[in-house]
Amino acid sequence: MKCPYCEHSKTRVIDTSHDTRGGTRRRRLCDNCKQRFSSYERPILATPMLVKRDGTREEFSRDKLLAGIRIACEKRPVAATDIQRIAGEIEAELQQLGRAEVKSRQVGDQVIRKLKELDEVAYIRYAIVYLGLNDLVAIREEIDQLLAD
Ligand SMILES: [Zn+2]
């Protein structure tokens with residue numbers, strides 16, 4: 001790391017501490033001007049880009065994901081904290097894949113799976129939007145499957 005005072009590229013780490021948010025703070029000493037400074041490192045988990053059905057790419061948006069789940073859960077006995085949790089879990093699962101891109105379908109599948117455990121009506125609503133109203137057969141199959149379970 002470059003010294004912020006003289007831009008010399010050789011600096012020494014003289015102390016390292018970790019904080020509760022997974023960050024690392026290092027005290028450094030410049031070999032050239034002997035000034036001390038701190039640096040802070042934190043892990044950045046990248047969320048993969050979503051590849052849509054038509055092949056276009058879209059950045060993952062937690063807000064968009066939340067909005068979709070909220071609409072499905074409207075007037076249902078689903079706690080706001082559960083909605084936040086689902087969105088958080090899905091985002092974390094995507095990050096853990098460690099991939100540059102995933103099909104947006106995969107995100108939809110994850111939402112459907114989680115809503116199924118949470119609220120049947122919200123699950124069917126989401127499935128209708130996600131599968132598309134045109135695909136009534138697929139929706140019918142989802143409902144039949146749900147009633148059979
Ligand atoms: Zn320096």
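# Briefing: helix packing, a zinc site and a mixed sheet

Helix 4 (residues 120-131) packs against helix 5 (residues 136-148) at an angle of about 160 degrees, and their axes lie 10 Å apart. This is a predicted model, in which local features need pLDDT of at least 70 and side-chain atom pairs count only at pLDDT 80 or more, while totals for chains, interfaces and linings use all residues. Residues are numbered from 1 along each chain as its sequence is written, and side-chain values use heavy atoms, with hydrogens and water left out.

**The helix pair**

- Axes are lines fitted to C-alpha atoms, for helices over the stretch in contact, and angles run from 0 to 180 degrees between N-to-C directions.
- Helix 4 and helix 5 are therefore roughly antiparallel to each other (angles under 35 degrees count as roughly parallel, over 145 as roughly antiparallel, 65 to 115 as roughly perpendicular and the rest as oblique).
- Helices (H or I, at least four residues) and strands (E, at least two) are DSSP runs, numbered from the N terminus.

**The zinc site**

- Four cysteines supply the protein donors of the zinc ion: Cys 3 (SG), Cys 6 (SG), Cys 30 (SG) and Cys 33 (SG), lying 2.3 Å from the ion.
- Donors are N, O and S atoms within 2.8 Å of the metal (3.2 Å for Na, K and Ca); water is not among the atoms, so sites may look incomplete.
- The site is tetrahedral, with angles of 105 to 117 degrees among the 4 donor atoms (four donors count as tetrahedral if all angles lie between 85 and 135 degrees).
- Along the chain, the donors of the zinc ion follow the spacing C-x2-C-x23-C-x2-C.
- Cys 3 is buried at 2% relative accessibility, whereas Cys 6, at 30%, is partly exposed (buried means under 20% relative accessible area, exposed over 50%, partly exposed in between, with a 1.4 Å probe and protein chains only).

- An open sheet is formed by 3 strands in the order 5-4-6, with mixed pairing.
- Strand 5 (57-58) and strand 6 (101-103) are at the edges; each has a single partner strand, so one side of each is left without a neighbour in the sheet.
- Strands of a sheet pair through backbone hydrogen bonds, either parallel or antiparallel.
- Strand 4 (residues 49-51) pairs with strand 6 in the parallel sense over 3 bridges (two strands pair if DSSP finds at least two bridges between them).
- Met 49 stands opposite Glu 101 in strand 6.

**Loop residues with positive phi**

- Most residues other than glycine have a negative phi.
- Lys 34, however, has a positive phi near 65 degrees; Lys 34 lies in the loop between strand 2 (24-30) and strand 3 (36-41) and is exposed, with a relative accessible area of 52%.
- Lys 75 also has a positive phi, of about 60 degrees, although it is not a glycine; the loop between helix 1 (62-73) and helix 2 (80-97) holds Lys 75, which is exposed at 82% relative accessibility.

- Leu 65, in helix 1, is buried with a relative accessible area of 7%, and its C-alpha atom is separated by 11 Å from that of Gln 110, 45 residues apart along the chain.
- Leu 97, in helix 2, is partly exposed at 36% relative accessibility; Leu 97 and Pro 48 are 49 residues apart in sequence and 8.3 Å apart in space, C-alpha to C-alpha.

Terms used
Four donors count as tetrahedral if all angles lie between 85 and 135 degrees; four count as square planar and six as octahedral if opposite donors are over 155 degrees apart and all others between 65 and 115; anything else is irregular.
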